[in-house]
Amino acid sequence: VRVRRSIDFKLAVSTMLSVHACRALRAKRAAVAPLLQRNIWNVSLPVLSGPGGAHTTKYRIVKPGKDGVEWDDFLLALPERKQLVSFTKDVPLFVRYLKVVTDLEGRSHDFLAFLDRAKSGLVVESDVFITTEELLAVMWKNGYSDQERNAVQFTFPGDYKFHYPELSALFDIPEEDTYKFCMRTRTEQSHIGELDWSKVQRKGFIRDHWLVFGTGLIIFKYFPFFNYYFGVKVFGTSMWCVTMYQLLNRWIAKSCRKNEYMAAQKTAHNVMDGEDQIVESMKRFSNDAKCKEYLADFKTEAESKISDYRQALVIKLKDDLTERAIKQLQAISGFEATMGSEMQDLVVREAASSFRDQFPRDTDMQEAAFAAAVKSLSGQQLDVTEDPVSKHFSDAFASLAGVDLATIAGDPQGSLAQRIAYSQQLKEAEFKQTFMVTTQEAEEIRAIASEGGGSQFDLDKLAPHSVERLDALYSSINAKVGYSLPETLGTKPIKETSDSATVTYVEQVNAQLAAASKTLREARLKAFVAAF
């Protein structure tokens, strides 16, 4: 009977535990389910959980699991200050508001002290705070004006948490008092906050296991069939395995949660980047509905723009031709002005050159120069006819009077007129070579025209070097006479794309552009050859 009752008791206890375990699992799943809901892109984002996953407290309330953190009700636990979890809080909004308040109240030193404390982040206990609504209610109870309460309400969001160092700096109250007030507020509301697990956990995990082993061994030794072998070998080994299993399970679970959280964070980052890229791609098609409106007036606008383009093209060609002709005329005028200014220097240089050539060979001139030198040394006045140098230059300048340099044959060793005529003829030859089409160029063009078929000139019949020479002659002759024509259409071929549907269209357009450029070039060269 005693054995039967023991068995019935064990069955009842196991049934009760299984029922409670099932209820706890269902509650945990129901609480965790909202956190694992997927968003619109059907990807679970880990921002709803922590590195420890979802943690269900002993009150069946789900909180984000964190390593080294235990959640508990402040009203029941009544934690000490050292047992609370601290974190670093960024307070840029509060610093700006505190600056205004302290300036009005003349407490600049309090602001500087708080700023120095919070410049690298304000380290506070995470759950020692009051909310904005709670602060406004306390301000109303203590007689603050509507303007002061509105300043707080319109500056801070409704979910902002004022921790005790902020309240101490804002209202000039000791931190100890603000800490007690915040803790009292959280405790009265049975706030479930974060506690440092290392400070609140029960110590002696392995010790408890071996206390259970020792107590069990002492108890079991009074029962039959529980001998030394069972107590030490079976029960002791089982307890050692249970201890090692629980320790290893903690380490494995911690590592798995950490790796899973990091992988989820990476997935969330990739998902958010993908969402941004999708939105950016969708923005490119935001104006597709307007394409029909644009295409409705495309023909009319294209025809008007083509007409304007033709007119502008003719005006541009006219301006280019006028500009080229003006520049060429200015170059001719400058060349002629240079020739006129160089004529005086040329007469003096040639007269001096003829004297240097004649004096060594003319004995009469040498005797006259000696006599003029002696007479000059004697102090007598020399006449122009007595000085051979003056006489030579005077006669040379007099010989140019009434002489037409265009009819005199040039001679670099002749008289002064012949020397000047020779230099003038060189300048005229240079002028013709620079600004006029020479006979050699005209003959060369006619020879190329004969090679290409004469009156039925065909550019394809020419050899490659003849085509290159014809292009060179075209450019040089037009530059001489100041004539300008466009050599190309001013268009560029379309680059190939990776879209296979547009390859044929691009090739067709490029082929038409190449054919039009070839036709324009052939017409230009044919008209050039026909002029000769």
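How many residues apart in helix α8 are glutamate 176 and lysine 180, and by about what are they separated?

Analyst: Glutamate 176 and lysine 180 are four residues apart in helix α8 (residues 175-188), so about one helical turn separates them. An α-helix has 3.6 residues a turn, so residues three or four places apart point the same way. The model is predicted, with local features requiring pLDDT of at least 70 and side-chain atom pairs pLDDT 80 or more, while totals for chains, interfaces and linings use all residues. Numbering runs from 1 along each chain as its sequence is written, and side-chain values use heavy atoms, without hydrogens or water.

The two side chains form a salt bridge, with the closest N and O atoms 3.3 Å apart. The term means a side-chain nitrogen of Lys or Arg within 4 Å of a carboxyl oxygen of Asp or Glu, and the count by this rule is 16. Helices (H or I, at least four residues) and strands (E, at least two) are DSSP runs, numbered from the N terminus.

In helix α11 (residues 228-283), glutamate 280 and lysine 283 are three residues apart, which again puts about one helical turn between them. Their closest N and O atoms lie 3.7 Å apart in a salt bridge.

Glutamate 166 forms a salt bridge with lysine 89 (2.7 Å, N to O). This pair links distant parts of the chain, 77 residues apart: glutamate 166 is in helix α7 and lysine 89 in strand β4 (residues 86-89). Glutamate 166 is buried because its relative accessibility is 0%; buried means under 20% relative accessible area, exposed over 50%, and partly exposed in between (1.4 Å probe, protein chains only). Lysine 89, at 10%, is also buried. Seven of the eight residues of helix α7 (residues 164-171) are buried, so the helix is largely enclosed by the rest of the structure.
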